[in-house]
Amino acid sequence: MTIKVLPGPKGPGLLIRVSEWIGPLPFRQSALLFGLLIAFWFFGTNTLESMNRAGLTPGFGFLSQQANFEIGESVIAYRAGDSYGRALLAGLANTAKVALFGCILATILGVTLGIARLAGNRLIAALIRGYVEILRGTPLLLQLFVWTGIFQSLPAPRNAVTVLDLAFLSNRGVFVPSVSIAGFSVFVWLPVLCLFAGGVALAARRIFKETNLYISKSLGLVAVSIGLPLAILAYIGHPPLIEVPARGGFNIRGGWSLTPEFAALLTGLTINASAMISEIVRSGIQSVQMGQWEAARALGLKPGQIMRLVVLPQALRVITPLMTSSYLDLTKNSSLAVAIGFPDIVSVANTTANTTGQVIESIAIIMVVYLTVNLFVSALMNQYNRKIALKGAYPR
């Protein structure tokens, strides 16, 4: 321990280096780790004693027991009497569905709004700015309540609002055209189709590598990666079937039906996230130097070509890290579904905890699920960010 006498405003004072008095760095780290272990042991012991007094057996054995509750909407087949593990899997599938569609739709809407705000039209820019400020200035939970009220106040199926006779909006849900392959929804085949299309796209990129026109190469990649799988499915006798919803009796039949809760949740998350993404896109575009715009104009490129070929590729280096945060926020915000009655993983886990009493285990499952999903999304976005980053632009 080091003691020094230093002058002070009220006379000499003592300065004691506590770190030297406690000990060297390895000893201090070991002491901190030992203290944390004691704290975890203390709280864990108290928790186990409380569970034993309540007649509960700690562990995840309850996942194999029969669940006595229904789930109003599920991607996978589930009914009362199935195991709690399957019920939680159904809730996880609902969360993944909302997060996937929310990220896709929010990206499309946010990028469109961000570019439109910089188009030079003052009226459009003012409207988008108001849109962004309202959504950023109000709680997301309040927005979800508003969208829930809107979808529940829609007319009955007989008087449903129709959009080009392809989609119907009613108080029983939203009905849109569906695509099925071999009797199964296209969403069941989506992972396989994505992997196949990705492999075809990589092969097609090598074929079009010597093509000088960027547009023709892009169109060729899209045509081959999407058209070839569809042609193979048609050749083997399982072409994609499109089913359009139609009024039938007192309800709407056919197509893909979205419950009011799912439609409200997806709409609320998409619109809220699109406001953030539009600002990210706007700031990323404005980070590109004006010299890039002038050089592209000097080459005779049109405004659309300048944005697509020159500006956006450079802006992506600024946009991508912030987009990762937006995707993670949207995924975590989907947990607010419990407030509007949509059976996501949080809602199902809460019901499981109430019926089994395994509160700690249910909370642990929620934490692990969201942590795993967010780490997976973050890993994918970080991989893409490393791919587009300038090599040697910053020290490693």
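At 14% relative accessibility, K97 counts as buried, where buried means under 20% relative accessible area, exposed over 50% and partly exposed in between, for a 1.4 Å probe and protein chains only. The model that contains this residue is predicted: local features need pLDDT of at least 70, side-chain atom pairs count only at pLDDT 80 or more, and totals for chains, interfaces and linings use all residues. Residues are numbered from 1 along each chain as its sequence is written, and side-chain values use heavy atoms, with hydrogens and water left out.

K97 forms a salt bridge with E73, and the closest N and O atoms of the two are 3.2 Å apart. A salt bridge is a side-chain nitrogen of Lys or Arg within 4 Å of a carboxyl oxygen of Asp or Glu. Because K97 lies in helix α3 and E73 in the loop between α2 and α3, the pair ties together parts that are 24 residues apart in sequence. Helices (H or I, at least four residues) and strands (E, at least two) are DSSP runs, numbered from the N terminus. E73 counts as buried, with a relative accessibility of 11%. The charged end of K97 also sits over the ring of F262, 4.4 Å from the ring centre; the criterion is that NZ of Lys or CZ of Arg is within 6 Å of the ring centre and within 35 degrees of the ring normal.

The whole structure holds 5 salt bridges. Another of them joins E279 to R117, with the closest N and O atoms 2.5 Å apart. This pair links distant parts of the chain, since E279 is in helix α8 and R117 is in helix α3, 162 residues apart. Both E279 and R117 are buried. A salt bridge is also formed by D329 and K332, whose closest N and O atoms are 3.8 Å apart. D329 and K332 are 3 residues apart in helix α10 (residues 303–333), a separation of about one helical turn. D329 is partly exposed at a relative accessible area of 39%, and K332 is partly exposed at 42%. Salt bridges with shared partners join R117, E279 and R282 into one network.

For the protein chain, the secondary structure comes to 12 helices and 11 strands. The chain has 396 residues, of which 32% count as buried. Among contacts between residues at least 6 apart in sequence, 63% join residues at least 24 apart, contact meaning heavy atoms within 4.5 Å.

Rings of Phe, Tyr and Trp (its six-membered ring) pair if their centres lie within 6.5 Å; planes under 30 degrees apart count as stacked, over 60 as edge-to-face and the rest as tilted. The ring centres of F69 and Y84 are 6.1 Å apart and the planes stand at 45 degrees, so this pair is tilted. The pair links distant parts of the chain: F69 is in the loop between α2 (25–53) and α3 (84–117), and Y84 is in helix α3, 15 residues apart. Both residues, F69 and Y84, are buried. Ring pairs link F62, F69, Y78 and Y84 into a cluster.

The rings of W147 and F151 also form a tilted pair, with centres 6.4 Å apart and planes at 40 degrees. Both residues, W147 and F151, lie in helix α5 (residues 140–152), 4 residues apart, about one turn of the helix. W147 is partly exposed at a relative accessible area of 24%, whereas F151 counts as buried at 11%. T148 is also placed in helix α5 and is buried, with a relative accessible area of 10%. Apart from its neighbours within four places in sequence, T148 is in contact with A264 and I340.

Q289 is found in the loop between α8 (260–286) and α9 (290–298). The residue is exposed, with a relative accessible area of 60%. Q289 and Q314 are 25 residues apart in sequence and 9.8 Å apart in space, C-alpha to C-alpha.
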